[in-house]
Amino acid sequence: MPNLAYTRMGVDETLRLYPPAWITNRRAIQDDTICGYRIPADAIVSISPYVTHRDPGLWENPEGFDPERFSPERSAGCPHYAYFPFGGEPRQCIGKETMQPDDVPLWLRPKAPPKDEQPEHAGHAPV
Ligand code: HEM
């Protein structure tokens with residue numbers, strides 16, 4: 001689907017503003033210090049794509065819906081973890097590749113009507 005470049009940008013922008021996994025948590029296995037913050041062992045550390053994706057220090061007009069911010073020209077140089085709707089290694093989402101915009105036509109496929117509302121001689125069963 002080489003012609004879906006704009007669709008890809010639209011999906012990326014939708015996942016930026018509305019990441020379904022808006023927060024993830026980790027438990028610290030030992031004491032640590034991150035950016036000057038002391039993290040004691042066993043503390044729960046929350047990381048939010050929703051908050052990061054709307055950080056005005058990382059994004060221009062963060063609340064605006066602007067798919068073209070994901071164009072190759074404008075997204076060049078974007079910090080690696082400014083955008084992580086699928087998490088990050090080593091626990092990155094295994095569905096990331098299957099949820100790519102090339103599959104958007106599949107996502108948009110109308111849901112099959114309930115069995116008792118299907119036409120009697122439809123010719124083939126809905127998938
Ligand atoms: C738009 C769709 C999806 C989004 C936004 C999404 C998001 C995420 C995120 C943020 C994580 C990391 C969670 C963390 O770090 O704590 C994750 C992990 C995971 N996702 Fe997805 N996901 C999506 C679709 C899928 C699909 C379709 C599958 C299955 C085919 C899937 C399977 C998994 C699994 C198994 C993990 C755990 C990976 C691990 O811990 O090693 N996800 N997902």
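Visitor: How many residues does helix α1 have, and how far does it reach?
Guide: In this predicted model, helix α1 spans residues 5-17, which is 13 residues. From its first C-alpha to its last it reaches 19 Å, close to the 18 Å expected at 1.5 Å a residue.

Visitor: Which residues of α1 are buried?
Guide: Met-9, Val-11 and Arg-16 are buried in α1. They lie on the same side of α1, because they cover an arc of only 165° around the axis.

Visitor: What pattern does the protein chain follow along the sequence?
Guide: The pattern is α-β-β-β-β-α-α-α, made up of four helices and four strands. Of the 127 residues in the protein chain, 8% count as buried.

Visitor: Which helix has the lowest mean pLDDT, and which element the highest?
Guide: Helix α4, residues 104-107, has the lowest mean pLDDT among the elements, at 59. The highest, 98, belongs to helix α2, residues 49-53. For the protein chain the mean pLDDT is 85, and 76% of its residues reach 70 or more.

Visitor: Turning to the ligand, which residues are around it?
Guide: The residues around the ligand include Pro-20, Ala-21, Thr-24, Pro-85, Phe-86, Gly-87 and Arg-91. Cys-93, Ile-94, Gly-95, Thr-98 and Met-99 are also among them.

Visitor: How many of the shell residues are nonpolar, polar or charged?
Guide: Seven are nonpolar, four are polar and one is charged.

Visitor: Where is Thr-24 found?
Guide: Thr-24 belongs to strand β1, residues 24-27. Leaving aside residues up to four places away in sequence, Thr-24 touches Ile-47 and Gly-87. Thr-24 and Ser-46 are 22 residues apart in sequence, yet their C-alpha atoms are 5.7 Å apart in space.

Visitor: Why does Thr-24 count as partly exposed?
Guide: Thr-24 counts as partly exposed because it has 15 C-beta neighbours inside 10 Å. A residue needs 20 or more to be buried, and 12 or fewer to be exposed.

Visitor: Now the backbone: which residues does a cis peptide bond join?
Guide: The cis peptide bond joins Glu-89 and Pro-90, with omega at about 5°. Pro-90 lies in the loop between α3 (72-75) and α4.

Visitor: What is phi of Asp-42?
Guide: Phi of Asp-42 is near 80°, a positive value in a residue other than glycine. Asp-42 sits in the loop between β3 (37-39) and β4 (44-47). Asp-42 counts as exposed, because it has 10 C-beta neighbours inside 10 Å.

Visitor: And where does Asn-61 lie?
Guide: Asn-61 lies in the loop between α2 and α3. Asn-61 has a positive phi of about 45°, although it is not a glycine. Asn-61 is exposed, with 9 other C-beta atoms within 10 Å.

Technical notes
Residues numbered from 1 in each chain as written. Predicted model: local features only at pLDDT ≥ 70, side-chain atom pairs only at ≥ 80, totals over all residues. Near = placed C-beta within 6 Å. Nonpolar A, V, L, I, M, F, W, Y, C, P; charged D, E, K, R; others polar. Helix = DSSP H or I, 4+ residues; strand = E, 2+ residues; numbered from the N terminus. Contact = placed C-beta atoms within 7 Å. Expected span 1.5 Å × (residues − 1). Arc of directions from axis to C-beta. pLDDT = per-residue confidence, 0-100.
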